[in-house]
Amino acid sequence: MTTLNEFSSCVAQYDPHALPVTAAQAIVREWATPVTAVERVPLHDALDRVLAEDIISPGDVPAHDNSAMDGYAFRGTALAAAAASDSSTVELTVAGKALAGHPFSGAVAVNQCVRVMTGASMPADCDTVVPQELVTRTGDTIRFAADAVRGGANRRLAGEDLARGSAALLAGRIMRASDLGLIASLGIAEVPVRRRLRVAFFSTGDELRSLGEPLDPGCVYDSNRHTLFAMLRRLNIDPLDLGVVRDQPAALEAALRSAAASADVVLTSGGVSVGEADFTKQLLQTFGDVAFWSLAMRPGRPLAFGRVWSGERPGVGRPALFFGLPGNPVAVMVTFYQIVREALLKMAGATPRPVPVLQAASREVIRKRAGRTEFQRGVAERDAHGQWHVTPTGSQSSGVLSSMSEANCFIVLDHARSDITAGESVDIMLFDGLI
Ligand code: AMP
Ligand code: MG
């Protein structure tokens, strides 16, 4: 069995004490294997789930050629006939009408037309629609300029949206509103999705108190569990809250092993910074393995990644991937989004797409040390000329969670970069997406 340790040491730039963010992401990506179980759910329950199989269109959408306009359907050859007779006007007789859901079933001669509304099936002989505003109608006769439309105009073709047999949606997609509509347009009511990923999490620290408990001197309320719960729910992952675990090796070991028994991934916060790290690392090596425990990243330097087993040694019981996140509340969020998120999506069976990154001019000087990737919190806005600007939120301390609430983006400062001058361009990752 290849251990994470053996694997990781082959990755370029491997340095377990200060691993570059891109190398850490590569290691994590490699070890994130998708869950395989598939379940079929009613269409509405498919929102935000991961599609397990391609959805193949069982028919054409739309099923029939139909009109894109309110107007009159006719044979395009009538235009050529008008040109041949040197007439600049086309004159046709209205033979009937077709509404959406009420087709016209009669025959249409070259000097005839059918009143059609948007979405109405095209009468069998017709291929062109002249919009009603280009027509003058007197009784059952319409007239319009021969150059008002070209043959074939204003007709939507059968299969134009989805052709029969083509893949409407590919497996691995996280389904959103348009996908539910698309699946419904195919007449499909049940959707194959991957089972949800289960992620267990707990906080470590003797100083932590849970909500409802009195706050003893020197203690803090445990906020990380609530942030983690919310971040997991946003990814539509099953969160399993295992509470607070005290800083005792036996308690930590028991919590990790029971978490591995019931979840695909175990997330912890706290207990991985210098001093505490050695003990966590040693513990992990008894019933799991550790790939790295320190990143060239700020915030988020102390971050352990490995695998734990529910049994008493590696290879015994059930395995789960393990992320030992830092204790500081901002570092928890930054490491979750930059290191953990993509792995969770991949394990959930999704094909993660790169997060869009924009360029913005920094409003301020930003202090930055070369040799680590920094993720500062920023407020980005667009000026009247369409140019993006970003201002770092006041405190960049990894303990100040209000900086995350205030910010609307991460300012991403690459590994090699040093100080940023005011006006210099930086990468930003916006928190909000539209859909
Ligand atoms: P640690 O990594 O355990 O040394 O923790 C670093 C800092 O984060 C300390 O100030 C902790 O009190 C704080 N911290 C750790 N875990 C939590 C938590 N679950 N909620 C809020 N603050 C925490
Ligand atoms: Mg601690």
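Let's start with two helices: the axes of α2 (residues 21-31) and α8 (residues 329-347) come within 9 Å and cross at roughly 20°. This is a predicted model, where local features need pLDDT of at least 70, side-chain atom pairs count only at pLDDT 80 or more, and totals for chains, interfaces and linings use all residues. Residues are numbered from 1 along each chain as its sequence is written, chains are lettered from A and ligands numbered from 1 in the order in which they are written, and side-chain values use heavy atoms, leaving out hydrogens and water.

Helices (H or I, at least four residues) and strands (E, at least two) are DSSP runs, numbered from the N terminus. An axis is a line fitted to C-alpha atoms, for helices over the stretch in contact, and angles run from 0 to 180 degrees between N-to-C directions.

**Helix α8 and its partners**

Two packed helices are described by the angle between their axes and the distance between the axes. With their crossing angle, α2 and α8 are therefore roughly parallel to each other (angles under 35 degrees count as roughly parallel, over 145 as roughly antiparallel, 65 to 115 as roughly perpendicular and the rest as oblique). The crossing of α2 and α8 is right-handed, which is the label used if the near helix is turned clockwise from the far one by less than a right angle, with anticlockwise being left-handed. On the α2 side, the contact (heavy atoms within 4.5 Å) is made by V21, A24, Q25, V28 and R29, and on the α8 side by Q338, I339, E342, A343 and K346. That contact of α2 with α8 has five nonpolar, two polar and three charged residues. Here Ala, Val, Leu, Ile, Met, Phe, Trp, Tyr, Cys and Pro count as nonpolar, Asp, Glu, Lys and Arg as charged, and the others, Gly among them, as polar.

Now for another partner of α8. Helix α5 packs against α8 at an angle of about 30°, with their axes 11 Å apart. These two helices, α5 and α8, are therefore roughly parallel to each other, and their crossing is right-handed. From α5 come N224, T227, L228, M231 and L232, while α8 brings P329, V332, M333, F336, Y337 and L344. What classes of residue make up the contact of α5 with α8? It has nine nonpolar, two polar and no charged residues.

**Pockets and cavities**

Picture a 1 Å grid over the protein atoms alone: a cavity is a set of points where a 1.4 Å probe fits but cannot get out, a pocket is an open set with protein on both sides within 12 Å along at least five of seven lines, and lining residues have an atom within 4 Å of a point. Grid points are joined across faces, edges and corners, and a volume is the space filled by probe spheres set on the points.

| Pocket | Volume | Lining residues | Nearest the centre |
|---|---|---|---|
| Largest pocket | about 1,800 Å³ | 43 residues | L235, R341, V355, F431 and G433 |
| Second largest pocket | about 550 Å³ | 39 residues | P326, G327, N328, A331 and S398 |

Which helix gives the most to the lining of the largest pocket? That would be α8, with seven residues. The lining of the largest pocket divides into 27 nonpolar, seven polar and nine charged residues, and the lining of the second largest pocket into 13 nonpolar, 16 polar and 10 charged.

About 100 Å³ lies in the largest cavity, which is lined by 13 residues, with D48, V50, L235, N236 and A348 nearest its centre.

Most residues other than glycine have a negative phi, and most peptide bonds are trans. D48 has a positive phi of about 70° although it is not a glycine, and D48 sits in the loop between β2 (38-42) and β3. The peptide bond from V61 to P62 is cis, with omega near -10°, and P62 is in the loop between β3 (55-56) and β4 (66-67). A cis peptide bond also joins R298 and P299, with omega about -10°.
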